[in-house]
Amino acid sequence: MKYLKFIAIGFVFGIIMYKSQAVSWFRIYEMFRFEAFHMYGIISSALMLGIAFVQIIKRRNIKNIYGEEIQFTPKAKSVTRYLLGGGIFGLGWALAGACPGPMYVLIGAGAYSILIVLAAAILGTFLYGLVRSKLPH
Amino acid sequence: MIDAILQPWPWYVSGPLIALVMLFLLLTGKNFGMSSNLRTMCSIGGAGKVADFFKFDWKRQVWNLMVVVGAVAGGFVAAHFLSADTVIDLNQDTVVALESSGFINPGEKYVPDEIYGWEAVTSFKGLMILIVGGLFIGFGTRWAGGCTSGHAISGLSNLQLPSLIAVIGFFIGGIVMTFFILPYLL
């Protein structure tokens, strides 16, 4: 039963993502052509509220449901890995028109050919694991 | 009210709700990031035998797979019971650009047949688009240590400079693909 809440959170996430159209290839294409505010509005409004949530949690020392301190792990400092890895991810995001979260939402929505993208993304993650020690980070 | 739910949700509804999803995950002792489950799936499949990167106690990451299960179910319910139609109300400039690339009625369906339809997927070029797209997504997101949710939402919400660099990287890649590669592919 401890997993039920995560299924519920994922369920809500799936509905929001589908209804926002952020999982549509068309919206991603339109975003990268800077022809609509829609995607930027989603990201920036999520971000503004997200920043507020994180600040409130830190300043008021809000605990999680288990009464533990909420941990924010700082991201490792680097430029190379974020710019190069991020760039490769961006190429894929614009090509397939989906990032990891939306892939799952699209499977549920019945766009089954996204399973090819998912399988390739798992393979891509595996390939990264194989060559990781040879890449700059 | 019911009608508003059945219509596409505007950005000022969707964005704040996504922030709430992040908050729920923080309150349940986790983090919002949708790409780390790909690494977990590799580990479950036995990738730890060939690369140390996949040697970790994946059972601690099962929660993440449960989020995935929920997201699939949410997509199903939203598409089948909570949507009046599948039309994407694109900017007219976007429609014209897609039509000049040979797209028929862009935005009429939720995802384009020209990319995800049966005919496209069973052609060599179409299959390559999905496979290369997926490979880049999986490889890039792990190298960058996160995707849109992990960096653009979670990382930036915590004011992380690395996440800002990653998001800049996402957009460099996305713009290069959209303006300099896709025109030759579509």
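**Entry 1. Interface of chains A and B.** I looked up the pairing of the two chains and found 101 residues of chain A in contact with 104 residues of chain B; contact requires C-beta atoms, placed from the backbone, within 7 Å. On the chain A side, the elements giving two or more residues are helix H1 (4–20), helix H2 (25–32), helix H3 (38–59), helix H4 (80–96), helix H5 (100–109) and helix H6 (114–131). I note that helices are DSSP runs (H or I, at least four residues), as strands are (E, at least two), numbered from the N terminus. By class, this side of chain A holds 65 nonpolar, 25 polar and eleven charged residues. Nonpolar covers Ala, Val, Leu, Ile, Met, Phe, Trp, Tyr, Cys and Pro, charged covers Asp, Glu, Lys and Arg, and the others, Gly among them, are polar.

**Entry 2. Basis.** I record that the model is predicted, that local features need pLDDT of at least 70 and side-chain atom pairs pLDDT 80 or more, and that totals for chains, interfaces and linings use all residues. Residues are numbered from 1 along each chain as its sequence is written, while chains are lettered from A and ligands numbered from 1 in the order in which they are written.

**Entry 3. Chain A.** I counted six helices and zero strands in chain A. Its C-alpha trace spans about 45 × 40 × 35 Å along the principal axes. Of its 137 residues, 53% are buried (20 or more other C-beta atoms within 10 Å of a residue's own; exposed means 12 or fewer, partly exposed in between).

**Entry 4. H6(A) against H3(B).** I examined H6(A) with helix H3 (residues 36–44) of chain B; their axes come within 9 Å and cross at roughly 75°. Axes are lines fitted to C-alpha atoms, for helices over the stretch in contact, with angles from 0 to 180 degrees between N-to-C directions. H6(A) is therefore roughly perpendicular to H3(B) (65 to 115 degrees). Ala121(A), Ile122(A), Thr125(A), Phe126(A) and Gly129(A) meet Leu38(B), Arg39(B), Met41(B) and Cys42(B).

**Entry 5. H2(B).** I checked the length of helix H2 (residues 11–27) of chain B: at 1.5 Å a residue, its 17 residues should span 24 Å, and its end C-alpha atoms are 24 Å apart, which agrees. The expected span is 1.5 Å times one less than the number of residues. Its buried residues include Trp11(B), Ile18(B) and Leu26(B). The buried residues of H2(B) pack against H1 and H3 of chain A together with helix H9 (148–157) of chain B. Just after H2(B), Gly29(B) takes a positive phi of about 85°.

Conventions:
Parallel < 35°, antiparallel > 145°, perpendicular 65-115°, else oblique.
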